[in-house]
Amino acid sequence: MNTEILGVVAQIVLLVALSFPLGRYIAKVYRGEKVCTDFLRPVERFIFRFSGIRPEEEMDWKQFLKALLTVNLFWFVWGFVLLLAQGYLPLNPDGNAGQSVHQAFNTCISFMVNCNEQHYSGETHVTYFTLLFVVMLFQFVTAATGMAALAGVMKALSHKTTQTIGNFWRYLVLSVTRILLPLSLALGFLLIVQGTPMGFDGKMEITTLEGGIQQVSQGPAAAVVPIKQLGTNGGGYYGTNASHPLENPTYLTNMAECWAILIIPMAMALAFGYHTRHKKLGYSIYGVMLTAFLIGAAVNVAGETGGNPRIDELGIAQDNGAMEGKEVRLGAAATGFWSVVTTVTSNGSVNGMHDSMMPMSGFVEMLNMQINTWFGGVGVGWLNYFTFLIITVFISGLMVGRTPEFLGHKVEAREMKIASIVALLHPLLILGGTALAAWLYIHAPQFVTSEGGWLNNGGFHGLSEMFYEFTSVAANNGSGFEGLGDNTWFWNISCGIVLIFGRFLPIIGQVAIAGLLAKKRFIPESSGTLRPDTVTFAVMTFAVIFIIAALAFFPAHALSTIAEHFSC
């Protein structure tokens, strides 16, 4: 086994080993039990008092969602105004101008919904001021929003019968102070030691080996990079994201950043079991997610380290694998593994160019985002899985002639309708957006190609670029094939709309389902109860998720990634 594969194995072992204690810690934080970070309580009390928050005040699911949506509306207005006016604001040593209206619209929504899709280059289209008070601020609070939503669902399902699901504001603050901030500080110190810049100086002028002059951006990169990974945000400080040698200087930082992307989503899957006192169910969900993740990782690592078959036909050795679009200092295995880690979550950061990877690797990346339940984003990934749990409970109950119940609460027509709408919304946004873009590109190209936006590739790969773009934004991922010129009115506005629907409608539906179930009379388990913590039910859930994805997306893949694979 070569050292590159050993590095991948080491990351997997470390992720699994640390996800269990972190999951227990997260469950204790949300339950209000004693933990090692209780010394932060004075800070939290100050935040609550300053903001007029009464953390002990319980909310029902409607009040919970009202608070969640209201604060996000405020953040949109805040971020949109600052991005437009950033050229006139302080902390702008490089003199970067304000963003255009449609670019600011897309950028603000993208960071507000925890997607961090960037239709701009990180170091040239934002200032240090907006980097701190829009980008990094949103990376903390929007990640915490998803975590707070899951905390509310866990609270609802941990009681036999309850009218309330906790306090959104309390969960939001705790997610930042007790989870995101401590882990970000630890990772930030490692990045500084390894050479990531941390300061507010302007561009640095250096002389290259060829004798030319190059301007290199600096700034507070070490402060932004940790939360972009830990919060499954993904927006790169630099335009080339984690393939940039200052954002990801060494193989050690590559391992640490890749680990940071997945550790909280993995821990949150386990935290559900610990919080609700259904540990076996938590382990079952974790096992399904981990199995699917490892299958994808094996496919992409093998595909990228195996090289391009077209080059093999020419008799050229590919000892280092398919290296197009990859960093030599990291290697094909690390990039293949990262591509799966970043797409099973809603992270979207990259350490290589997805546009240059093998067609089947692109297929796995898109399928991860289209399924959108294998760990997923912090909090919202489990919530997406929860949608399919409800559907599976209902289908399985009908198949075996048992009353559909989940944790002692009957799953009835209302919950099933909401879950079905949420499950079908995702493919509707992706396929509808791709179909519209493809039609406009052929019949009205001026709407798609204005201001320099066009497909760098035609044929199957060109369709994949548009398919990937809408997949990425609907899944709140943010990565791109990057063969697509996307800073246009059409792409900025259409993607912004998909981002809003893809983020908030599922959260509304999932929290509503939990709130409705929690209000129902608790039904003790009996011999007729369909248990959701068995291996059989786990396999059934996996099958339901995969079948829905296959029916929705495989026809489009047959015209894009799969067709490209067989044409190579």
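1. The second largest cavity has a volume of about 100 Å³. Of its 14 lining residues, N96, E123, V126, Y128 and Y237 are the closest to its centre. By class, six of the lining residues are nonpolar, six polar and two charged. Here Ala, Val, Leu, Ile, Met, Phe, Trp, Tyr, Cys and Pro count as nonpolar, Asp, Glu, Lys and Arg as charged, and the others, Gly among them, as polar. On a 1 Å grid over the protein atoms alone, a cavity is a set of points where a 1.4 Å probe fits but cannot get out, and a pocket is an open set with protein on both sides within 12 Å along at least five of seven lines; lining residues have an atom within 4 Å of a point. Points are joined across faces, edges and corners, and the volume is the space filled by probe spheres set on them.

2. Please keep in mind that this is a predicted model: local features need pLDDT of at least 70, side-chain atom pairs count only at pLDDT 80 or more, and totals for chains, interfaces and linings use all residues. Numbering starts from 1 along each chain as its sequence is written, and side-chain values use heavy atoms, with hydrogens and water left out.

3. Across the whole structure there are five cavities of 30 Å³ or more. The largest has a volume of about 340 Å³, and N372, N384, V422, H426 and P506 are the closest to its centre among 29 lining residues. Helix 14 gives the largest share of this lining, six residues. (Helices are DSSP runs of H or I, at least four residues, numbered from the N terminus.)

4. Now for the largest pocket, at about 980 Å³. Its lining has 39 residues, with W75, L137, V141, L172 and V176 nearest the centre. Helix 6 supplies the largest share, eleven residues, and the lining as a whole divides into 28 nonpolar, eight polar and three charged.

5. V173 also sits in helix 6 (residues 168–194). V173 is buried, at 11% relative accessible area (buried means under 20%, with a 1.4 Å probe and protein chains only). Beyond its neighbours within four places in sequence, V173 is in contact (heavy atoms within 4.5 Å) with E44, I47 and F48.

Conventions
Helix = DSSP H or I, 4+ residues; strand = E, 2+ residues; numbered from the N terminus. Buried < 20%, exposed > 50% of the residue type's maximum accessible area, 1.4 Å probe, protein only.
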